[in-house]
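Let's take a walk through a protein chain together. Have a look at the sequence and the 3D view first, then read on.

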Amino acid sequence: MSITVQCLLLLVFIPVVTARQGLPQSKPAGAAKSPLCTRDNALEMIKQQIAFTKSFNNSVQRITVLLRAADLLWPYQQDKARAVFTEAFELATENEKEYEHKAPRSLALRLQVPDQRYVVIRAVAKRDSAWARELTRQMLKPANDNDNSTPRNAFENLLTAERLVNSAITLIATDINAALDLARASLNYPAGFMLTHFLYRLAEVNQQAADQLYAQALAAYGDKPLREFLYLQAYPFAWHDTLNTPSVPNYVVPANFVTNESLQRRFVQVLLRRAQQVLEAPLDEVDTYRSASVNLLPGSVHLLRGLIRLEPQVSQSLPDLMPALTQAREKILVSLSVEQQKLLLQPGQEISSKPDQTFDEQIESALKVPDPDERN
């Protein structure tokens with residue numbers, strides 16, 4: 001029997017399995033109830049489908065059927081359902097190990113292929129969030145034990161962060177607590193623009209929880225490289241984008257979003273502290289990344305752009321911090337090299353983000369970038 005037929009059989013028996021005894025069943029007038037259409041028979045059929053998946057050559061298809069079967073079994077035979085979820089997670093773990101050896105080292109391409117371990121965890125979270133947390137810890141432990149200084153591990157950490165946040169976004173509609181668990185786990189990995197996407201999505205249904213998570217993120221990334229920290233500047237000020245980060249995202253700010261002055265103050269205070277540190281000691285080279293004008297710029301320039309953009313809002317809502325912000329901006333500006341200052345339209349203005357090339361010329365230049373992640 002083909003996999004398609006097997007899946008169809010499973011779906012045919014869904015109404016049988018989920019029907020409660022004693023509830024009226026809609027059926028055509030005069031139709032006789034089949035003696036085979038019972039819950040026990042339906043459960044037995046599902047178990048047969050589980051056993052039959054061992055003959056599947058495609059592990060992803062096998063995991064898909066196992067998860068559906070486990071979810072159907074859960075209300076009736078929880079022990080059996082747990083065993084099936086466990087089998088699916090073990091299979092997903094082996095599948096990811098095999099894929100890692102042949103997978104491209106490109107964040108964009110890797111994110112196009114779902115990591116089946118996260119698929120299983122999301123399915124488990126709908127039934128048992130505590131168990132989902134345990135599976136998440138089990139999955140992340142090998143990565144936590146690695147030396148994060150190597151390029152491969154740095155890349156895998158970025159990938160892990162994106163996958164955790166993506167899974168968290170998926171769970172917002174069904175289990176906010178499970179979504180928050182995954183989002184908090186992502187704070188142990190490099191910050192990216194997806195974290196702000198999650199915060200805004202969460203704020204649509206529970207802004208208090210989103211504000212609390214932002215405060216935790218600010219504590220986690222306050223001393224991280226600017227290429228991570230600066231992703232946190234959008235949320236407290238309800239920005240739709242950030243132009244001074246490694247990627248230039250576009251965010252959807254909820255219509256009912258209310259800015260939190262306390263979070264704004266805390267972010268600006270951390271930013272000013274970072275500005276003082278930039279003036280006292282040179283930044284790590286990893287804080288140099290590409291801007292919208294395809295120029296390699298030091299982190300101090302990106303920080304300066306953040307200070308400049310914040311000025312109107314700080315002047316309006318946090319006027320007591322305005323003198324310190326102005327002073328930090330002026331000091332960083334004069335600390336830049338002549339070449340870097342030439343990138344400014346004029347003192348106190350943002351760095352020009354207007355490209356010197358046409359769109360086609362930018363594409364042609366991008367295709368020549370040797371690093372696959374940067375190229376994508």
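## The overall picture

The chain has 19 helices and two strands; helices (H or I, at least four residues) and strands (E, at least two) are DSSP runs, numbered from the N terminus. What you see is a predicted model, where local features need pLDDT of at least 70 and side-chain atom pairs count only at pLDDT 80 or more, while totals for chains, interfaces and linings use all residues. Residues are numbered from 1 along each chain as its sequence is written, and side-chain values use heavy atoms, with hydrogens and water left out.

Of the 376 residues in the chain, 44% are buried. Here buried means under 20% relative accessible area, exposed means over 50%, and partly exposed is in between (1.4 Å probe, protein chains only).

Let's zoom in on Tyr-200, which sits in helix H11 (residues 193-205). Is Tyr-200 buried or exposed? It counts as buried, because its relative accessibility is 1%. Leaving aside neighbours within four places in sequence, Tyr-200 has contacts (heavy atoms within 4.5 Å) with residues including Ala-238, Trp-239, Tyr-251 and Phe-257. Tyr-251 is 51 residues away along the chain, yet the C-alpha atoms of Tyr-200 and Tyr-251 are separated by 7.9 Å. The side chain of Tyr-200 also reaches the backbone oxygen of Trp-239 at 3.0 Å.

Ala-238 belongs to the loop between H13 and H14. Ala-238 is not a glycine, but it has a positive phi of about 55°.

Thr-245 is in the loop between helix H13 (226-229) and helix H14 (261-280) too. With 2% relative accessibility, Thr-245 counts as buried. Its side chain makes a polar contact of 2.9 Å with the side chain of Thr-242. (A polar contact is a pair of N or O atoms within 3.5 Å; within protein, one must be able to donate a hydrogen and the other to accept it, and residues adjacent in sequence count only if both atoms are side-chain atoms.) A polar atom of the Thr-245 side chain also lies 2.6 Å from the backbone oxygen of Ser-247.

## Charged pairs

Side chains of opposite charge can pair when their charged atoms come close. How many salt bridges does a search of the whole structure find? It finds 17, a salt bridge being a side-chain nitrogen of Lys or Arg within 4 Å of a carboxyl oxygen of Asp or Glu. Here are some of them:

| Pair | N to O distance |
|---|---|
| Asp-115 and Arg-163 | 3.1 Å |
| Arg-137 and Glu-134 | 2.9 Å |
| Arg-273 and Asp-223 | 2.8 Å |

Arg-273 lies in helix H14 and Asp-223 in the loop between helix H12 (207-221) and H13, so this pair ties together parts that are 50 residues apart in sequence. Arg-273 is partly exposed at 35% relative accessible area, and Asp-223 counts as exposed at 59%. Elsewhere, salt bridges that share partners join Glu-96, Asp-115, Arg-117 and Arg-163 into one network. Within that group, Asp-115 counts as buried at 4% relative accessibility, and Arg-163 is buried at 8%.

As for Arg-137 and Glu-134, they are three residues apart in helix H8 (residues 129-144), which means that about one helical turn separates them.
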